[in-house]
Amino acid sequence: MTRKKDRLRKVLWTIVACMMGILLFCHTYNDILITTRHGINFWKFLFDGQILHFFEQNYVASGNVYYDAVQGCAYNILLYIIFAVWNIPTALLSAFGHVDVMNNIFCIAYMKLLPVLAMFVSMIILRRILVLLEVRGEKLEWMCFLYLSSSLIISSVFVVSQYDILSVVFQLLGVEAFLQKKDKKFVFYFGIAFCLKYFSIVLFLPLLLLRHKRIFSWIM
């Protein structure tokens with residue numbers, strides 16, 4: 001019975017991994033491309049001493065032949081710093097290798113790997129949270145599998161390439177800190193999550209009120 005379960009688990013993981021690999025190369029949306037372009041431009045503004053004009057002047061098209069709409073920056077500077085650091089290789093290829101990174105399938109796949117990496121990090125943190133909640137053994141393994149193989153994760157990370165998952169990583173770190181009763185880390189992680197995506201406040205406020213029920217005592 002145990003061998004059958006192990007075999008089933010391996011087959012399911014293999015199917016999910018293959019599906020992820022195929023979708024990584026088959027779908028691209030403009031959001032990840034334009035944000036990557038803005039992130040790459042971060043270095044130009046920084047080295048030119050114009051970083052204070054990053055939002056004002058960083059109004060460009062992604063450079064992809066299929067998505068040529070000119071767009072400005074719409075997110076917190078922290079997100080663009082993350083994209084800038086992640087895309088150092090593509091920036092170098094573009095500047096010194098004269099590679100058209102915005103139309104190269106492998107470069108685009110690399111850009112999409114940022115939310116993919118965040119997805120796996122979120123799974124590791126989720127696993128630690130489940131252990132804190134005393135989930136063990138086979139149940140723990142299946143819950144991790146169901147998380148990674150869910151249609152919401154697959155579609156948002158591998159098809160649409162949404163980077164909400166970056167905020168999710170810090171939200172999960174915040175939840176972990178909450179369960180460990182480490183209030184400073186709890187607030188710190190959710191502060192970063194809030195900078196990446198404002199919807200994190202929907203999770204932060206209930207947890208805060210759960211820990212501090214006398215709201216006026218900590219406001220005053």
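Q: Why is E176 called buried?
A: In this predicted model, E176 has a relative accessible area of 9%. Buried means under 20%, so E176 is classed as buried.

Q: What makes the contact of E176 and R128 a salt bridge?
A: The N to O distance between the two side chains is 2.8 Å. The criterion asks for a Lys or Arg side-chain nitrogen within 4 Å of an Asp or Glu carboxyl oxygen, and therefore the pair qualifies.

Q: Why is R128 called partly exposed?
A: R128 has a relative accessible area of 37%. That value falls between the 20% and 50% cut-offs, so the label is partly exposed.

Q: How do you know that E141 and R127 form a salt bridge?
A: Their side chains meet at 2.6 Å, N to O, which is within the 4 Å limit. The pair links distant parts of the chain, with E141 in helix 7 (residues 137-149) and R127 in helix 6 (residues 105-132), 14 residues apart.

Q: Why is K44 called exposed, whereas D48 is called partly exposed?
A: K44 has a relative accessibility of 55%, and exposed means over 50%.

Q: How many salt bridges are found in the whole structure?
A: The search of the whole structure finds 3.

Key:
Residues numbered from 1 in each chain as written. Predicted model: local features only at pLDDT ≥ 70, side-chain atom pairs only at ≥ 80, totals over all residues. Heavy atoms only, no water. Buried < 20%, exposed > 50% of the residue type's maximum accessible area, 1.4 Å probe, protein only. Helix = DSSP H or I, 4+ residues; strand = E, 2+ residues; numbered from the N terminus.
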